[in-house]
Amino acid sequence: MKRYQGMVFSQAKKAFLTDEEAEDFTQEVFLKAYESLSQFRGESQFSTWLFQIARFRLTKVFKKKKLPITDWKEDISSVADQSKPSVAEILDKEETSNTLRSLISKLPKSYQMPILLHYFENKPLKEIASDLNIKLGTIKSHISRGKDLLRKWWSHEIEG
């Protein structure tokens with residue numbers, strides 16, 4: 001758990017607005033991993049397997065909650081402070097983030113993982129290829145095709 005906690009928690013922080021939610025989610029992922037440990041076959045690296053559990057749990061959480069916008073509790077002084085984003089800016093960013101998360105979850109599985117690992121985990125392409133046991137060229141192709149689909153879907157979201 002100590003070895004992989006940072007990886008799971010960093011993903012959770014990107015998905016949830018508070019550290020408490022991210023910590024709860026991280027614990028949930030490790031509990032699920034512990035319960036499913038007998039199913040780990042060693043066909044991929046443990047980190048890849050754990051990341052898959054986290055991704056599936058995250059998808060389940062957001063589907064169940066219908067990608068909610070969290071209640072914002074800001075006092076008047078922080079809203080008035082021009083150095084901080086306004087509530088409207090925060091909500092707009094949250095809506096954009098939720099839309100992107102939703103679109104990524106609709107990608108074919110072969111595109112999802114490379115995109116998530118590269119753009120959200122900041123993993124190098126060679127490491128992704130090694131982790132997923134896929135050729136480097138295929139990883140590049142999956143990321144490119146996935147990005148093309150996301151661009152297409154994003155433009156439909158904006159127009160619609």
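**Ground rules.** I am working on a predicted model, where local features need pLDDT of at least 70, side-chain atom pairs count only at pLDDT 80 or more, and totals for chains, interfaces and linings use all residues. Residues are numbered from 1 along each chain as its sequence is written, and side-chain values use heavy atoms, with hydrogens and water left out.

**Salt bridges.** I took a salt bridge as a side-chain nitrogen of Lys or Arg within 4 Å of a carboxyl oxygen of Asp or Glu. With that rule I count four salt bridges.

I looked up the partners of Lys-123. Asp-131 forms a salt bridge with Lys-123, with 2.8 Å between the closest N and O atoms. Glu-127 also forms a salt bridge with Lys-123, at 3.7 Å from N to O.

I then checked accessibility, where buried means under 20% relative accessible area, exposed over 50%, and partly exposed in between (1.4 Å probe, protein chains only). Lys-123 is buried, with a relative accessible area of 11%. Asp-131 is buried as well, whereas Glu-127 is partly exposed at 36%.

Next I went to Asp-148, whose side chain meets that of Arg-151 in a salt bridge of 2.9 Å, N to O. Both residues lie in helix H8 (residues 136–159), three residues apart, about one turn of the helix. Helices here are DSSP runs (H or I, at least four residues), numbered from the N terminus. Asp-148 is partly exposed, with a relative accessible area of 42%. Elsewhere, salt bridges with shared partners join Lys-123, Glu-127 and Asp-131 into one network.

**Cavity.** I searched for cavities, each a set of points on a 1 Å grid over the protein atoms alone where a 1.4 Å probe fits but cannot get out; lining residues have an atom within 4 Å of a point. Grid points are joined across faces, edges and corners, and a volume is the space filled by probe spheres set on the points.

The whole structure has one cavity of 30 Å³ or more. The largest cavity has a volume of about 30 Å³.

Which residues line the largest cavity? I list Met-7, Ser-47, Thr-48, Phe-51, Leu-117, Lys-123 and Asp-131. Helix H3 (residues 46–65) gives the largest share of this lining, three residues. By class, the lining has three nonpolar, two polar and two charged residues. Here Ala, Val, Leu, Ile, Met, Phe, Trp, Tyr, Cys and Pro count as nonpolar, Asp, Glu, Lys and Arg as charged, and the others, Gly among them, as polar.

Finally, I noted where the largest cavity sits: domain 1 (2–69) and domain 2 (85–159) both give residues to its lining, so it lies between them. The domain bounds come from an automatic or database domain assignment.

How values were computed
Helices (H or I, at least four residues) and strands (E, at least two) are DSSP runs, numbered from the N terminus. On a 1 Å grid over the protein atoms alone, a cavity is a set of points where a 1.4 Å probe fits but cannot get out, and a pocket is an open set with protein on both sides within 12 Å along at least five of seven lines; lining residues have an atom within 4 Å of a point.
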